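My entries follow in the order in which I made them.

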Amino acid sequence: MIRPFDLNLRHLRALSAVAGRGSLSRAAEAVGLSQPALTQGLSKLERQLEVTLFERRPDGVMPTAAGAALAERADRAFTCLATAARPGRGARGFTRPEWLMTATQLDAFLHFSDAQSFVGAAGTSGVSQPAIHRAVRDLEQICGITLVERRGRGTVLTPAGRTMARGVRLAAREIAAGLAEARGDGADVDRIAIGAMPLSRALLLPHALAAYLRESSETVIDVIEGSWRELIDPLLDGVIDLTIGALREEPPPGVEQAALFTDRLAIFARAGHPLARQTVTLDQLGARQWVVGPAGTPLRRHWEALFAGRPLPEVPVECGSVMVIRGMLAQSDLLTLLSPDQVALEVETGMLVRIGHELADTVRTIGITTRANWRPTARQQRLVDLICSASSETRLPENR
């Protein structure tokens with residue numbers, strides 16, 4: 001299998017120049033290569049991908065569908081690299097550092113970023129430690145920034161290094177998508193990573209994944225569980241392709257949100273709870289102990305809003321794990337505030353019951369969060385479509 005950094009970056013960079021100018025000679029001049037070198041480079045790319053990227057004609061060259069797709073993804077990749085290197089532009093850095101980076105340097109730097117040490121990077125990459133060190137230092141010279149610094153007995157990424165690691169990883173994702181689209185024979189990304197916030201794990205995501213696997217079993221789906229805070233950086237870094245869960249009123253820069261449905265929260269307890277199957281007041285709810293999520297989370301803010309102007313009830317356990325909360329409710333008289341989706345099975349089997357009437361002002365929007373300007377491959381888009389379908393097919397009566 002071809003990896004993104006198995007390819008020559010100078011040849012990838014030349015693709016859009018060739019496509020835009022329709023001439024190998026003019027494109028070679030634009031990218032600083034000789035025409036024979038460019039011709040050989042494109043031929044090598046075509047052999048590696050086993051596709052024709054350009055049609056040779058008497059009046060010049062014309063990109064095929066594969067060539068146009070790869071050229072567009074390559075441009076997106078170099079934009080990621082240029083953005084990551086922006087802090088280094090100035091007295092010490094080159095004007096266009098992304099044009100001088102090599103695949104070897106970027107691959108080595110990405111291994112260092114993952115391992116956070118030269119020794120670890122050498123172990124995972126199969127490249128010697130001195131070679132890793134040299135590649136990272138060369139990248140620093142090109143960008144004019146310090147990417148790695150010593151701290152105690154070890155080494156860590158600087159803030160600029162973390163920015164560069166994000167850009168390199170995103171560039172690799174774009175090239176990988178371009179390779180998949182260029183091959184066009186049903187091949188696509190072989191792994192899709194989804195960040196699953198608590199609500200999506202019970203009904204929505206399992207329903208969508210089951211439908212996806214009935215259509216195709218060639219792609220491995222990574223489901224990474226976590227809160228919004230735990231998932232947002234991996235999403236921006238390109239480790240995760242999309243997240244599903246409660247949307248933010250003010251999302252951070254660099255992300256886009258798409259609403260799926262609105263979710264109405266409710267209070268739940270064990271079936272034999274003293275407040276079960278009766279009308280309850282805020283005074284009764286306030287006199288009980290609760291298990292709720294950590295401070296600062298949207299769910300916690302909704303819970304606090306229930307008791308606006310009143311003393312907050314006692315919370316002996318703060319927990320963001322729905323699995324733990326369900327277990328505690330079943331074995332105690334604790335109350336909690338959750339989405340009906342998250343405890344649908346327990347309510348259906350009679351283990352948990354809903355407490356009180358419908359709550360006002362506890363509606364939140366659930367949706368998909370992606371990186372800004374993310375362009376999914378065909379398989380990624382199909383999974384997104386199935387998630388959208390599942391959002392309506394799995395709605396409980398109280399959330400319709």
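Entry 1, salt bridges. I counted a salt bridge where a side-chain nitrogen of Lys or Arg lies within 4 Å of a carboxyl oxygen of Asp or Glu. I note at the outset that the model is predicted.

I looked up Glu 140 and found that it forms a salt bridge with Arg 137, with the closest N and O atoms 2.8 Å apart. Both residues lie in helix H7, three residues apart, about one turn of the helix. Glu 140 is buried, with a relative accessible area of 10%, whereas Arg 137 is partly exposed at 28%.

For the whole structure I recorded 26 salt bridges. I then took up Arg 375, which forms a salt bridge with Glu 72, the closest N and O atoms being 3.4 Å apart. Arg 375 lies in the loop between strand S14 (363-371) and helix H15 (378-393), and Glu 72 lies in helix H4, so this pair ties together parts that are 303 residues apart in sequence. Arg 375 is partly exposed at 27% relative accessibility, and Glu 72 is partly exposed at 38%.

I next looked up Glu 174 and Arg 73, whose side chains meet in a salt bridge of 2.8 Å, N to O. Glu 174 lies in helix H8 and Arg 73 in helix H4, so the pair ties together parts that are 101 residues apart in sequence. Glu 174 is buried, with a relative accessible area of 11%, and Arg 73 is buried at 1%.

Which residues are linked with these in a network of salt bridges? I listed Glu 72, Arg 73, Arg 76, Glu 174, Glu 181 and Arg 375.

I asked which members of the largest nonpolar core touch the most other members. Of its 59 residues, these are Leu 12, Leu 15, Leu 38, Leu 53, Phe 109 and Met 164. At least two residues of this core come from each of the helices H1 (9-21), H2 (24-31), H3 (35-49), H4 (65-85), H5 (103-115), H6 (118-125), H7 (129-143) and H8 (159-183).

Setting aside neighbours within four places in sequence, I found Leu 12 in contact with Leu 7, Leu 45, Leu 70, Ala 74, Phe 78 and Ile 175.

I located Thr 158 in the loop between strand S4 (154-157) and H8. Is Thr 158 buried or exposed? I recorded a relative accessible area of 6%, so Thr 158 counts as buried. A polar atom of its side chain lies 2.6 Å from the backbone oxygen of Thr 146. Not counting residues up to four places away in sequence, Thr 158 touches Thr 146, Leu 147, Val 148 and Glu 149.

I looked up Val 223 in strand S6 (residues 220-225). Val 223 is partly exposed, with a relative accessible area of 39%. Beyond neighbours within four places in sequence, Val 223 is in contact with Ile 194, Ala 196, Leu 205 and Leu 209.

Met 328 is found in helix H13 (residues 322-330) and is partly exposed at 26%. Leaving out residues up to four places away in sequence, I found that Met 328 touches Val 317 and Leu 334.

On the surface I noted a nonpolar patch formed by Phe 94, Trp 99 and Leu 100, with about 280 Å² of accessible area together. Trp 99 lies in the loop between H4 and H5 and is partly exposed at 34% relative accessibility.

Most residues other than glycine have a negative phi. Glu 50 is found in the loop between H3 and strand S1 (54-57) and is exposed, with a relative accessible area of 71%.

Arg 277 also has a positive phi of about 60° and is not a glycine. Arg 277 lies in the loop between strand S9 (266-270) and helix H11 (282-286), and at 69% relative accessibility it counts as exposed.

Key: Residues numbered from 1 in each chain as written. Predicted model: local features only at pLDDT ≥ 70, side-chain atom pairs only at ≥ 80, totals over all residues. Heavy atoms only, no water. Core = buried A, V, L, I, M, F, W, Y, C linked by side-chain atoms within 4.5 Å. Buried < 20%, exposed > 50% of the residue type's maximum accessible area, 1.4 Å probe, protein only. Helix = DSSP H or I, 4+ residues; strand = E, 2+ residues; numbered from the N terminus. Contact = heavy atoms within 4.5 Å. Polar contact = N/O pair within 3.5 Å; in protein donor to acceptor, adjacent residues only side chain to side chain. Patch = residues over 30% accessible without salt bridge, like charges linked within 9 Å, V, L, I, M, F, W, Y side chains within 5 Å. Areas by Shrake-Rupley, 256 points an atom, 1.4 Å probe, with all protein chains shown as cover.
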